[in-house]
Amino acid sequence: MTRILIDGGEALYGEVDISGAKNAVLPILASCLLADEPMIISNVPHLHDVTTTMELLGQMGVYLTLDDRMRIQVNPSLIDSYIAPYELVKTMRASILVLGPLIARFGQARVSLPGGCQIGSRPVEQHIHGLRALGAQVSVENGYIKAQAKRLKGTRVSMDMVTVTGTENILMAAVLAEGTTIIENAAREPEVVDLANCLMAMGADIEGIGTSTLTVHGVERLHGTEYKVLPDRIETGTFLVGTAMTGGKVRTRGTRVDIMDAVLGKLEGAGAHISTGDNWIELDMRGKRPRAVNITTAPYPAFPTDMQAQFTALNCIAEGVAVITEKVFENRFMHTHELQRLGADIRLEGNTAIIKGVEHMSGAQIMATDLRASACLVLAGLVAQGETTIDRVYHIDRGYENIEEKLGMLGARIRRLPA
Ligand code: UD1
């Protein structure tokens with residue numbers, strides 16, 4: 001199993017290109033199932049979850065080719081299977097995103113139940129409730145969600161909680177339904193907006209994009225299009241936090257400034273100087289130690305849960321005491337136990353972590369438990385004195401493109417060790 005070795009203590013300096021957003025490219029690839037013509041998706045990040053999605057769609061008869069400019073050409077005209085098998089779903093929960101498109105376009109779907117994961121139970125009853133409201137017959141048998149419908153019928157779907165993939169699934173189902181669907185309490189994450197914009201480019205009719213009420217007027221068919229995936233705000237934030245922690249100066253290029261408010265606000269609160277341009281964000285923290293910042297996670301536009309672990313790492317070496325409250329996932333503090341091995345002072349109380357910043361952490365052998373936890377541990381390794389080895393680092397390849405190359409270019413002493 002591969003590990004990452006970091007020799008800590010170098011500040012990050014330079015410029016780094018931000019990749020396409022993982023959480024946007026996955027639903028956009030799933031949306032290709034809705035089209036009756038080829039699609040071209042560009043700015044695709046080279047990630048393990050993208051490979052898994054390509055494998056999943058490939059098994060259904062979708063023909064996919066990846067060119068050297070990271071564009072995927074998708075030909076969905078020969079689909080002959082409507083199954084998302086357990087073997088793939090268990091490695092990537094976002095596989096559930098094929099459920100809405102399959103039932104909308106082909107009237108049938110068999111998708112394995114995702115089950116739990118390290119960060120919580122992560123049920124999908126909202127996805128099922130929405131599809132039933134649209135007229136699908138849905139049952140759960142032998143660990144699979146089995147859905148059938150003639151043509152879905154537009155209706156009012158009120159989500160009990162804000163769910164990102166839940167909103168995306170219902171949206172993708174509603175675009176081909178007969179009549180109008182109103183999705184209430186919809187997620188407003190920029191990645192949901194990106195999916196909606198892609199669907200519009202394919203001929204869908206959606207109002208209220210970016211708000212919590214989406215009105216979808218169903219259309220008969222969706223055509224092919226070429227669509228560029230938006231930049232990854234979580235990757236952007238991760239590099240900026242790393243720069244703040246190490247006392248460096250880095251410009252993230254090819255990113256989006258307007259979707260980063262909550263994170264940039266907290267970085268300024270930590271003492272960073274931020275400047276921005278059309279598509280770049282620069283953070284300058286030279287000669288400073290971060291100040292502690294309190295964080296409470298919640299759906300967009302509030303502070304994203306996917307940045308919680310990285311800010312936990314920052315607070316470990318900040319001046320002062322921080323309170324981090326995790327309101328989206330019930331068990332997203334696995335990384336705190338590993339941070340303690342590096343010398344962090346963290347106390348857990350339910351969904352809250354109280355962190356007393358220490359002046360120095362020291363390198364140790366630690367283990368990644370999930371995707372964002374891996375990023376947090378890498379950032380901690382960058383500031384810990386001496387060597388840190390991170391095991392089970394495959395998690396990081398699910399969501400960060402060439403992480404050690406990019407950090408290496410910024411001056412970090414980081415490398416991957418063979419199994
Ligand atoms: C997506 C993101 C993930 C991010 C999360 C929250 C993708 C591929 N993944 O995950 O990176 O951390 O949003 O921003 O986009 N819930 C239910 N029942 C449901 C659905 C959700 O109880 O039917 C709960 C979840 O357990 C969780 C909360 O709602 O507590 C939010 O989860 P959700 O937004 O659905 O997360 P994902 O879409 O899986």
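Predicted model: local features only at pLDDT ≥ 70, side-chain atom pairs only at ≥ 80, totals over all residues.
**A walk from hairpin to ligand**

In strand β17, Asp284 is the bridge partner of His273. His273 belongs to strand β16, residues 273-276. Asp284 belongs to β17, residues 280-284. The two strands run antiparallel, and 4 bridges join them. The link between β16 and β17 is a hairpin of 3 residues.

Most residues other than glycine have a negative phi.

Strand β9 has another partner. Strand β7, residues 108-112, is joined to β9 by 5 bridges. This pair, too, runs antiparallel.

Is the peptide bond from Tyr300 to Pro301 cis or trans? That bond is cis, with omega near 15 degrees. Most peptide bonds are trans. Pro301 sits in the loop that runs from β18 (295-296) to α10 (308-316).

Now turn to the ligand. Which residues are the closest to it? They are Thr163, Val164, Thr165, Asp306 and Val328, from a shell of 18 residues. Thr163 places a polar side-chain atom 2.7 Å from a ligand oxygen. Asp306 also uses a polar side-chain atom, at 2.6 Å from an oxygen of the ligand. Val328 contributes through the backbone: one of its polar backbone atoms is 2.5 Å from a ligand oxygen. How much of the ligand does the protein cover? On its own, the ligand has 740 Å² of accessible area, and the protein covers 87% of that area.

Two elements give two or more residues to this shell: α5 (125-133) and α6 (164-174). The largest share comes from α5, with 3 residues. By class, the shell holds 8 nonpolar, 6 polar and 4 charged residues.

Rolling a probe the size of a water molecule over the atoms shows where empty space is left. The second largest pocket contains about 460 Å³ of space. Its lining is made of 24 residues. Closest to the centre are Asp17, Ile18, Ser19, Asn43 and Gly254. Which elements each supply at least two lining residues? They are β2 (13-17) and α14 (403-409). The lining of this pocket divides into 9 nonpolar, 6 polar and 9 charged residues.

Technical notes: Residues numbered from 1 in each chain as written. Heavy atoms only, no water. Pairing = 2+ DSSP bridges. 1 Å grid on protein atoms, 1.4 Å probe; cavity = no way out; pocket = protein on both sides within 12 Å on 5 of 7 lines; lining within 4 Å. Points joined across faces, edges and corners; volume = space filled by probe spheres on them. Nonpolar A, V, L, I, M, F, W, Y, C, P; charged D, E, K, R; others polar. Near = heavy atom within 4 Å. Polar contact = N/O pair within 3.5 Å; in protein donor to acceptor, adjacent residues only side chain to side chain. Areas by Shrake-Rupley, 256 points an atom, 1.4 Å probe, with all protein chains shown as cover.
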